[in-house]
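Student: Could you show me how to read a helix and its surroundings in a model like this one?

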Amino acid sequence: MGRPAEKLLTTAQAAEHLGISRGTLARYARDGLLKPTLKLPTGHLRWSLEDLRRQMRELREGDR
């Protein structure tokens with residue numbers, strides 16, 4: 001059997017997990033620094049926490 005589907009988080013939920021504001025996460029996405037897992041037709045973003053943490057780690061490592 002396959003792996004259970006990961007729950008996608010709203011921008012507010014994902015930001016809370018990261019300890020940043022929703023606005024900061026939205027700005028990072030708008031500026032192309034982070035890529036959401038899914039963009040809904042309404043324009044709302046959905047995030048995989050695992051993927052988001054990987055992207056944040058890569059951003060930090062790129063600053064070194």
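**A helix residue and its neighbours**

Tutor: Ala 29 touches Leu 34, Leu 45 and Trp 47, leaving aside residues up to four places away in sequence, where contact means heavy atoms within 4.5 Å. This is a predicted model, in which local features need pLDDT of at least 70 and side-chain atom pairs count only at pLDDT 80 or more, while totals for chains, interfaces and linings use all residues. Residues are numbered from 1 along each chain as its sequence is written, and side-chain values use heavy atoms, with hydrogens and water left out.

Student: In which helix is the place of Ala 29?

Tutor: Ala 29 lies in helix α2, residues 22–30; helices (H or I, at least four residues) and strands (E, at least two) are DSSP runs, numbered from the N terminus.

Student: Why does Ala 29 count as buried?

Tutor: Buried means under 20% relative accessible area, exposed over 50%, and partly exposed in between, with a 1.4 Å probe and protein chains only. Ala 29 counts as buried because its relative accessibility is 17%. The buried residues of α2 are Thr 24, Leu 25, Ala 26 and Ala 29, and they pack against α1 (11–18), β3 (45–47) and α3 (49–62).

Student: Which residues of α1 and α2 meet?

Tutor: Thr 11, Ala 12, Ala 14 and Ala 15 in α1 meet Arg 22, Leu 25 and Ala 26 in α2.

Student: What takes a positive phi just after α2?

Tutor: Just after α2, Gly 32 takes a positive phi of about 80°.
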